[in-house]
Each structure stands twice: as structure tokens, then as C-alpha cells.
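Subject: Structure handover

Hello,

Here is the structure for you to look at. My notes on charged side chains follow it.

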Amino acid sequence: MFYDKLYSENALNMRKSPIRELLRTADINKLISFAGGYPNPATFPIEDLKDIMRDVMDNEGTSVLQYAASEGNIKLRKILAERYTKEGLDITYENIIITTSSQQAIDLTTKVLINPGDIVLCGLPSYLGALQSFWSYQADIVGVRDFSDMEKVIKDVIAKGKKPKFIYTVPDFPESVGRDIIIKTA
Ligand SMILES: Cc1ncc(COP(=O)(O)O)c(C=O)c1O
């Protein structure tokens, strides 16, 4: 059976995952890889995670193992909303969804905002996993090496009759202070 004849355009547009390729080498004994953000397993808080898991199973086992709202556990969403309200954000738990890691958040944001051909401005160098999501939704990615060039790049894009959909930056940009930032521009 030749499945490749059945593949969707989306699947045909997918690129090989650079992260998967980087992590392949991380299995080689004694190699300390700085390429893929591979954490030192000695830092994994295994005992703390066991305690937390036991506590959750003892007290909420039946509800956490059951199907539930896609937005995530409501207690956790309320705790997070309270924390961010204390930090000055005007939000409620309804503004929060729980994702499986930041990669899913990047992917969902791209899915919701990007049509094929839409422009995404990316600080350079950029996080490979984010680029992978942008490619998979057929965004047109424009790299920006220096944040101070951003205004000029936006004007150039507009002069070509397009409008950047959002800007994505990573901690390599001093302005993005250690977190993924997606700035909506259109
Ligand atoms: C800048 C950046 N954003 C997001 C991620 C993905 O992190 P997560 O494990 O939360 O999906 C990584 C992982 O290396 C990263 O370096």
C-alpha cells in the first residue's frame, strides 16, 4: 500500500524535525549535548514528583483520571489566575488554558492566527520548535537579526502589500527577558 498518495497537503508540507535530529545524538554515551536544550537528568526532581503524584492520586485520583474539559483542570486554572492577578494582570481563570508544554501553546496560537502565506516575524536565531509550527501552518517567516530593525522590517513587509500577523521572539533577544513572546501585530 502506497500511503504517500493519500497524504494531505499539510503532511506533504511537513519538514523533518530538527529537534528530533538533535536529540538523536543526545543518546550517544558520554556526549554532553548543548544543541537541543537537553537538561541534565541529575536535576530532575524525581522524589518531589513522586510525592506530588501520590498526593494527587490519593486526593483527586478519580477526577484527574476522568475525561474533562479541554481547557484543563479548573482548580489549577483558578490558582494560576490568582497568581497572575497578584502580578498585575486583569484576568480570570476563563482566560487560561492548560497546555502540554509551551510547544503546544505555540502550536495552538499558530493554528488560531495563521493562514497559509501570512507573515510571521521571528527574532534570529529562533527556537526550532516554533519554526516547525510556523512552517506546518505554511506561514511565511521573515527573520529579524536585531530588534531595533523591527520597525524597518515591518515597513518593508507592508510596502510589499502584506501585513505581519505576529512577532515571535526568544530569550536571545534582550527585550524578550527569558520567555517565548508572541506579539500580535495584525
Ligand atoms: C525558546 C523555547 N521555547 C519553547 C520550548 C519548548 O519547551 P516545552 O518543553 O515547554 O515545550 C523550548 C525548548 O527547548 C525553547 O527552547
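Glu151 and Lys155 both belong to helix 7 (residues 150-159), where they sit 4 residues apart, about one turn of the helix; helices here are DSSP runs of H or I with at least four residues, numbered from the N terminus. Their side chains meet in a salt bridge (3.6 Å, N to O), a term for a side-chain nitrogen of Lys or Arg within 4 Å of a carboxyl oxygen of Asp or Glu. Glu151 and Lys155 are both exposed; exposed means over 50% relative accessible area, buried under 20%, and partly exposed in between (1.4 Å probe, protein chains only).

This is a predicted model, in which local features need pLDDT of at least 70 and side-chain atom pairs pLDDT 80 or more, while totals for chains, interfaces and linings use all residues. Residues are numbered from 1 along each chain as its sequence is written, and side-chain values use heavy atoms, without hydrogens and water.

Helix 7 also holds Lys152 and Asp156, again 4 residues apart, about one turn of the helix. They form a salt bridge as well (3.2 Å, N to O). Lys152 counts as exposed because its relative accessibility is 53%, whereas Asp156, at 36%, counts as partly exposed.

Another salt bridge links Lys86 and Glu82 (3.8 Å, N to O). These two are 4 residues apart in helix 4 (residues 74-86), so about one helical turn separates them.

In the whole structure, the search finds 6 salt bridges.

Regards
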